[in-house]
Amino acid sequence: MLKIIAKVVDFMRKHYIDNIRIGTVLLVVLYHVIYMFNHIITAGVIGPVTSVHGQDVIQYLLYPWFMVILFIISGMSAKYYLENHSDKEFIRARTRKLLVPSTISLFVIGWLQGYFNMAISGAFSNIPDSVPGFVLYPIMVVSGVGVLWTLQVLWVVSLVLVLLRKIEKGRLLKIGAKANMVVLLLLGIVVWGAAQILNTPVICVYRFGIYGCAFLLGYYVFSEEAVTDRLKKYCIPLSAIAVALGIAYTYIYYGENYAEAPVVKCPLAIAYAWLMCLAIIGCMKRWGDKSNAFTAFCNKKSFGLYVFHYLALSATAYELTQHTALPGWSFYLIGLVAAYAGGLLCYEIIVRIPIVRWCVLGVKKEKKNV
């Protein structure tokens, strides 16, 4: 009976959403390896280790859209979750899976990330040796947020969603279901407008405007089957336009800081990001709505890989530069192995330690029932 139920659940699952999440996380890891040794944004990372810099193109091709699409599919997933759960259950689940790993974990293991971030950036050289450990510890904790900023932003926009649901009472879902291709393309203007607001100074990754907009559009628009079916129908021309925009964006802005204003929120960057998101959703629903052993494995491990890959990468990169004389090109290869394999290894260790796994991953011991 349990096997039958499991098969029914698997049949009903939207595998293309899982596969978008998996693929995006894998690309995030690749991006961070390139970023660690890049020639464009060198503050806080190792910086150039080779004279060749063509690999930096990958940053321009990925950065505009890969976080946007993660927030879109998170909004879609929130819609499907709330179909069978209350707002209170949603907030409780989001707090455990998002807020706990992005706050409490900083005091448990995040300080290690803070240590390597500070070591790589040379921050310790500006701190007197007389400063006691109990003072350094909170500094390293604050410096160890790293990739966990995504979870913090997701938690905030989840609360906004709950409030908005109480106000609009389902009316926006009915409107979102009617979005045709013209409307979907024009929503790019809304996304561009959102990208101009609610951006925190100094720490440029906290872009509450565009990410909050993407999350809400995922919930109210892209969670509707009719909408994603339209994207599925037009996925090929959408992909062609997205590729053309990506090439144009990279050609025009290569060499400039793509993560900060004005480049990060310029019309071309947002147009490229939006068309790429539409194309990916359409293509994955058309060709990627299936599962196999590899995607099933990645689906279970992708969150842990996301949480731990940068710690494994930064620790390895620091040790490579401090204690080896290997050629620079090898740093990329070793960094790739460290980020993927090391990230998974860290996850497999932490997830097996009671209490710690809750603090770091929001994972509690599950009951063996259905």
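Pro262 is found in the loop between helix H12 (235–253) and helix H13 (267–287), helices being DSSP runs of H or I with at least four residues, numbered from the N terminus. The peptide bond that joins Ala261 to Pro262 is cis, with omega near 5°. The model is predicted, so local features need pLDDT of at least 70 and side-chain atom pairs count only at pLDDT 80 or more, while totals for chains, interfaces and linings use all residues. Residues are numbered from 1 along each chain as its sequence is written, and side-chain values use heavy atoms, with hydrogens and water left out.

Lys169 is found in the loop between helix H7 (149–168) and helix H8 (171–176), and its phi is near 50°, a positive value in a residue other than glycine. Leu198, in the loop between helix H9 (181–195) and helix H10 (208–222), has a positive phi of about 55° although it is not a glycine. As background, most residues other than glycine have a negative phi, and most peptide bonds are trans. Lys169 counts as exposed at 64% relative accessibility, and Leu198 is exposed with a relative accessible area of 57%; exposed means over 50% relative accessible area, buried under 20%, and partly exposed in between, with a 1.4 Å probe and protein chains only.

Buried positions come next. Asp18 lies in helix H2 and is buried, with a relative accessible area of 8%. Leaving out residues up to four places away in sequence, Asp18 touches Arg13 and Asn299, where contact means heavy atoms within 4.5 Å. Asp18 and Phe294 are 276 residues apart in sequence, yet 12 Å apart in space, C-alpha to C-alpha. His309, placed in helix H14, is buried with a relative accessible area of 0%. Not counting residues up to four places away in sequence, His309 touches Val28, Val29, His32, Val147, Ala339 and Gly343.

The largest nonpolar core has 109 residues; such a core is a set of buried Ala, Val, Leu, Ile, Met, Phe, Trp, Tyr and Cys residues joined through side-chain atoms within 4.5 Å. Among those with the most contacts inside this core are Trp65, Ile72 and Trp274. Apart from its neighbours within four places in sequence, Trp65 is in contact with Leu27, Tyr272, Ala273, Met276, Cys277 and Ile280. Helix H4 is mostly covered, with 14 of its 17 residues buried. From its first C-alpha to its last, H4 reaches 25 Å, close to the 24 Å expected at 1.5 Å a residue, the expected span being 1.5 Å times one less than the number of residues.

The second largest pocket contains about 1,000 Å³ of space. Of the 32 residues lining this pocket, the closest to its centre are Tyr35, Asn117, Gly146, Ile203 and Val205. A pocket is, on a 1 Å grid over the protein atoms alone, an open set of points where a 1.4 Å probe fits, with protein on both sides within 12 Å along at least five of seven lines, and lining residues have an atom within 4 Å of a point. The volume is the space filled by probe spheres set on the points, which are joined across faces, edges and corners. H2 (15–36), H4 (66–82), H5 (87–121), H6 (133–143) and H14 (293–323) each supply at least two lining residues, and the largest share, 4 residues, comes from H2.
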